[in-house]
Amino acid sequence: MSEENDDLLNEQEENNETITRVTGMYKDWFLDYASYVILERAVPAIEDGFKPVQRRIMHSMKDLDDGRYNKVANIVGHTMQYHPHGDASIADAMVQIGQKDLLIDTQGNWGNILTGDSAAASRYIEARLSKFALDVVYNPKITEWQASYDGRRKEPVNLPVMFPLLLAQGGEGIAVGLSTKILPHNFIELIDASIKHLQGKRFKLVPDFPTAGIADFTDYKDGMRGGRVRIRAKISQLDKNTLVITEIPFATNTSSLIDSILKANDKGKIKIKKIEDNTAADVEILVHLPSGISPDKTIDALYAFTNCETSISPLGCVIEDNKPLFIGVSEMLRRSTDNTVQLLKSELEIKLGEFEEQWHFASLERIFIENRIYRDIEEEETWEGVIQAIDKGLQPHIKHLKRAITEEDIVRLTEIRIKRISKFDIDKAQQKIDALEDQIAEVKHHLANLIEYAIAYFERLKKEYGEGKERKTEIRTFDDVDATKVVIRNTKLYVNREEGFVGTSLRKDEYVCDCSDIDDIIVFTREGIMMVTKVDSKTFIGKDIIHVAVFKKKDKRTIYNMMYRDGKGGPTYVKRFAVTSITRDREYDLTNGNKNSVVWYFSANPNGEAEVVTIFLRQVGSIKKLKWDIDFAEILIKGRASKGNLVTKYAVKKIELKEKGVSTLKPRKIWFDDTVQRLNVDGRGELVGEFRGEDRILIIRQSGIVKTIIPEVTTHFDEDMIVMEKWIPKKPISAIYYDGEKERYFVKRFLVENEGKEENFISDHPNSQLEIVSTDWRPMAEVEFTKERGKDRKDNMEVNLEEFIAIKGIGALGNQLTKEKINQVSLLESLPYDAPEEVPAEEIEVVDETDVSEETTEESKPEPTTKSESDENEEPPASLDDKGQTSLF
């Protein structure tokens, strides 16, 4: 083979053809390309916060700047002198800078970040540099320059930006092998943080998005890799059937948001009637709900299944010394601030040199004219003689100068016109010198106190440009939305008890309940087997199913009451248990594990109800007691793996339900977490109260709206809520309000008459407003009167609201408080009152199954409830009633 190759090479050499070996030529190509993309395209520099294309756009705009607007197409064309790429990429980059509304003053249709509409063509829109850009971005005297790509022009290596611009604008780019995603931060907060850094104080930065919204920065991690920011749209309830979205998450727009809502509706995750997009300058998306759909649950469902909640993972990567550097936003701000200090120092040093040069020449000029040294050159015939004569004439007068005289200085003196010499004013010349000395002293002071000067610089920026740049994004901690609790029940669950199948496709079999495709279901069989599995079209569990329902994870309030026979011919046991956590698709044996065990009786109780059942034994031998009652309220609630209490060791004939029970669980304690504005049962926040089944929460808003609601963890609360507490129906509400129509203050006391209905207890006039409201039994108020001109102010009046007015209807106007003009009304400490005590319920605490051993030892077994004698062990058939109770006869 090698001989053939040699022959081929010889033949080609004879034909004057050359072979160039490419082995190794492409080894470095990929690395070169990756380095180019990283350094010249995708990642911003830490010095000025610009990518190369952005820096060249800003430089071109400065070249063209004359205070008037320029066509963007003209700016793009000018930028192509510096940027070796197409016009489309330059125009897109310029639109992105313009939409951030910081460096470019725009004119025309520049697109809309809220709706996602693109900008008009570059020939139709115009731009010029903003005052802020002219102030902080440019200074040719301290700019380092380099040749452009073709060597024809000079462009800046970095612009002397004296502001943390990268953090203000944010930046995003995908390079080869790495990427960057720096989120935008608030203009004012960045300045405050820079000042704190200069003062040696700690600071913390979190993003602020131009689309506003609500954000949880708990896991921000200073913008480093691995961090996460959760952002939500701002959704409120317009009325009982309408939601309104007024702010959207960052990196989304109204079009993509509406598409995600429609997609979730099509999949059955949420249920909506229609959507209206009224977005113009501000976002307004109306979501209309069908009647009967909970607005609170729909809000949570929008967060769970649509782009109303998004998650962004920041990644702080910048270019420093031609290398990528991964740092957090705090370090970026420190470096930017320190760089600003150095730039300010360079500016001051240049100014100082310029002032000293001006002072030097002004002093020379005064000496030259005041001492008439120009006369010494009248007889000189050569240029060298002129220079020497002037130098000789200046020598006696230059001891106070700060540097030596150069030939260049003397040449400048010779260029002074006769007209200027003839009109020279010594006093004005001295004033100019004195002014320059003051300026020199000021600059030296700034250099000596550079940090204070930098702080003053940042404070000036805040004062001049901070107006209208307040924080837009609300900072809040989010509660996780449990998707299974807010998803719409979009399908039906069926069961074939005899064959042991459950699923959504068994339409010919028994209907169980509505469910969603993300739900889990819990199933119990006659053999005492329990399984939790995902909803599917058809799943085999096991023959003789006695109970099936949608499973609620961590549900301690649903209690299962059960009696079972332990093995063939074994004793009968009774047990009560909750199922809070499981492994999906695993079979759990609820009996003692012996073969041929069978469940005699089973019931599922959503609120821990404990019924009374009657036990019937078979007549065998000399058994005397064949019938007795068992109250499940006397059975301790334990874990599902517990053996249970012994009922009897003899054969049971049947078990019948004698009496339905009431809940044996403690009232549920509910807390309100002000951080996330949500109710919870986990002890976070302030305790609202202990709630039983029908107890409600009272809510009063500043707008004069009162309502009562059933406490649910999915409830959303209005921003103007001023009262939230457990509602006591017989406890009156006292209020003082200003009636806009009558222009008087009125007092009223009332009871909430319609549970669950929103009612306005002040007049509907637009000028009406609620002054104070109290839910105490005997509230006291203090009235401060307005001081009339020329008269002493009247003494404050104390009002006992209980005595002032009797309890009336919620729609009553109330009694007029006073005819005098009122300055303000405030609540005082209420009078003592012994409120009626609530009757406590029978309390039986649920024992968490994780605290109960999987095996019940002999020492831990409870005493048997009852015993009798029998030897027969026939297995009775099963039947299920409509209350979730199974009785096996």
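Reader: How are H3 and H5 oriented to each other: parallel, antiparallel, oblique or perpendicular?
Author: This is a predicted model. The axes of H3 and helix H5 (residues 87-99) come within 10 Å and cross at roughly 80°. Angles of 65 to 115 degrees count as roughly perpendicular. H3 and H5 are therefore roughly perpendicular.

Reader: How many nonpolar residues are in the contact of H3 with H5?
Author: H3 brings Val53, Gln54, Ile57 and Met61, and H5 brings Ile90, Ala93, Met94 and Ile97. One residue of this contact is polar and no residue is charged. The nonpolar residues number seven.

Reader: How are H3 and H4 oriented to each other: parallel, antiparallel, oblique or perpendicular?
Author: Helix H3 (residues 52-64) packs on helix H4 (residues 72-79) with the axes 9 Å apart. The angle is about 110°. The range for this class is 65 to 115 degrees. H3 and H4 are therefore roughly perpendicular.

Reader: What is the handedness of the crossing, and which residues of H4 make the contact?
Author: H3 passes H4 in a right-handed crossing. From H3, the contact uses Arg56, Ile57, Ser60, Met61, Asp63 and Leu64. By class, the contact holds four nonpolar, four polar and two charged residues. On the H4 side the residues are Asn74, Ile75, His78 and Thr79.

Reader: How do H8 and H16 run: parallel or antiparallel?
Author: Helix H8 (residues 187-198) and helix H16 (residues 450-465) have axes 10 Å apart. Their angle is about 170°. Angles over 145 degrees fall in one class. H8 and H16 are therefore roughly antiparallel.

Reader: In the contact of H8 with H16, how many residues are charged?
Author: H8 passes H16 in a left-handed crossing. Phe187, Ile188, Ile191, Asp192, Ser194, Ile195 and Leu198 of H8 meet Ile451, Ala454, Ile455, Phe458, Glu459, Leu461, Lys462 and Tyr465 of H16. Eleven residues of this contact are nonpolar and one is polar. The charged residues number three.

Reader: Now the strand. Is Asp673 buried or exposed?
Author: Asp673 lies in strand S34 (residues 668-673). The relative accessible area of Asp673 is 10%. The cut-off is under 20%. Asp673 is therefore buried.

Reader: With which side chain does the side chain of Asp673 make a polar contact?
Author: Leaving out residues up to four places away in sequence, Asp673 touches Arg678, Asn680, Arg684 and Gly685. The polar contact between side chains is at 3.1 Å. The partner of Asp673 there is Arg684.

Conventions:
Residues are numbered from 1 along each chain as its sequence is written. This is a predicted model: local features need pLDDT of at least 70, side-chain atom pairs count only at pLDDT 80 or more; totals for chains, interfaces and linings use all residues. Side-chain values use heavy atoms; hydrogens and water are left out. Helices (H or I, at least four residues) and strands (E, at least two) are DSSP runs, numbered from the N terminus. Buried means under 20% relative accessible area, exposed over 50%, partly exposed in between (1.4 Å probe, protein chains only). A polar contact is a pair of N or O atoms within 3.5 Å; within protein, one must be able to donate a hydrogen and the other to accept it, and residues adjacent in sequence count only if both atoms are side-chain atoms. Contact means heavy atoms within 4.5 Å. Axes are lines fitted to C-alpha atoms, for helices over the stretch in contact, and angles run from 0 to 180 degrees between N-to-C directions. Angles under 35 degrees count as roughly parallel, over 145 as roughly antiparallel, 65 to 115 as roughly perpendicular and the rest as oblique. A crossing is left-handed if the near helix is turned anticlockwise from the far one by less than a right angle, and right-handed if clockwise. Ala, Val, Leu, Ile, Met, Phe, Trp, Tyr, Cys and Pro count as nonpolar, Asp, Glu, Lys and Arg as charged, and the others, Gly among them, as polar.
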